[in-house]
Amino acid sequence: MNIVVCIKQVPSTEAAPRPSPKPPFIDTTGLSWVINPFDEYAIEEAIRIKERQGKGEVTVITLGPESAREALMGALAMGADRAIHIIGETPLGIDSYATAYLLCQAIKGRLFAGSGPATFDLILCGKEAVDDQNGAVGTQLAELLDIPHVAVITKLSVDADGKAVVHRQIEGGTEVLECPLPALFTCQKGLNEPRYPSLPGIMKAKKKPYEVVPATGLAPQEVWGPGARVSVKEVSLLPTRKVGKKLQGGVAEMVEDLVKFLREEAKVI
């Protein structure tokens, strides 16, 4: 089974980004960068499927600047077989449609046999990137490729007949769906426990195929300029939260104080 995993390099969740007045409105100076945590579940699941079947190939692909190579090398060290790097400007300023479109063009150009059928069986993505929390790239990519998709899965099994059964959490229960392949699924926490790259894996990653391709198919102004479908106008920090009000005394006294506060200070009743 040939599996494609779309990943993104994002600032570490431990980092403290600062707003900037200029696009992409985030000051990236001194930030450390990592593989998007939700994408790690996708990488791990792809590797496990290949290991269970004993055959196939896992291709990781990303859109980003030269520095995104580190994320792809990390995925190769985990166990992916090859990498495709779409070189483009920093993804912090690009909208989800342009990202999906450029990924689609690269996948079609590198993983389709001319105008014939797809040479991949499955595409996995994280459910969202932790930097913008958009959660739209995976489903938009599936639509552009004209393949089925299911979002936010927590369990995946693939049978010999070319069908996948996926579980996704819904309010009050679990939804189980069957889907023909090729298909695209976005991965959620709970799907698996991503492995850490081993030293042998890190050494092998340096010898694995690594292809660099240009971002093609969209004019620059359609991706990062005024022609983009979604553009960021401003980024600001949340306002500092006010110190909470602590009620004291017995229950009756606290209820009386609470009602008084809601009526006279908060003015909500």
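Seven strands make an open sheet, in the order S9-S13-S8-S1-S6-S7-S14, with parallel pairing. Two strands pair here if DSSP finds at least two bridges between them. Strands (E, at least two residues) and helices (H or I, at least four) are DSSP runs, numbered from the N terminus. This is a predicted model: local features need pLDDT of at least 70, side-chain atom pairs count only at pLDDT 80 or more, and totals for chains, interfaces and linings use all residues. Residues are numbered from 1 along each chain as its sequence is written, and side-chain values use heavy atoms, with hydrogens and water left out.

Leu-63 has Ile-86 in S7 as its bridge partner.

Now the helices. Helix H2 (residues 69–78) packs on the sheet and touches S6, S7 and S14, where contact means heavy atoms within 4.5 Å. The direction of H2 makes about 165° with that of S7. H1 lies across S1 (2–6), S6, S8 (122–126) and S13 (183–187), and runs at about 150° to S8.

Next, the aromatic rings. Rings of Phe, Tyr and Trp (its six-membered ring) pair if their centres lie within 6.5 Å; planes under 30 degrees apart count as stacked, over 60 as edge-to-face, and the rest as tilted. That rule gives two aromatic pairs. Phe-38 and Tyr-41 have ring centres 6.4 Å apart and planes at 45°, so this pair is tilted. Both residues lie in H1 (residues 37–53), three residues apart, about one turn of the helix. Are they buried or exposed? Phe-38 is buried at 15% relative accessible area, and Tyr-41 is buried at 13%; buried means under 20%, exposed over 50%, and partly exposed in between (1.4 Å probe, protein chains only).

Tyr-97 and Tyr-101 form a tilted pair, 6.1 Å centre to centre with 40° between the planes. They sit four residues apart in helix H3 (residues 96–111), about one helical turn. Tyr-97 is partly exposed, at 22% relative accessibility.

Conventions
Axes fitted to C-alpha atoms, helices over the stretch in contact; angles between N-to-C directions.
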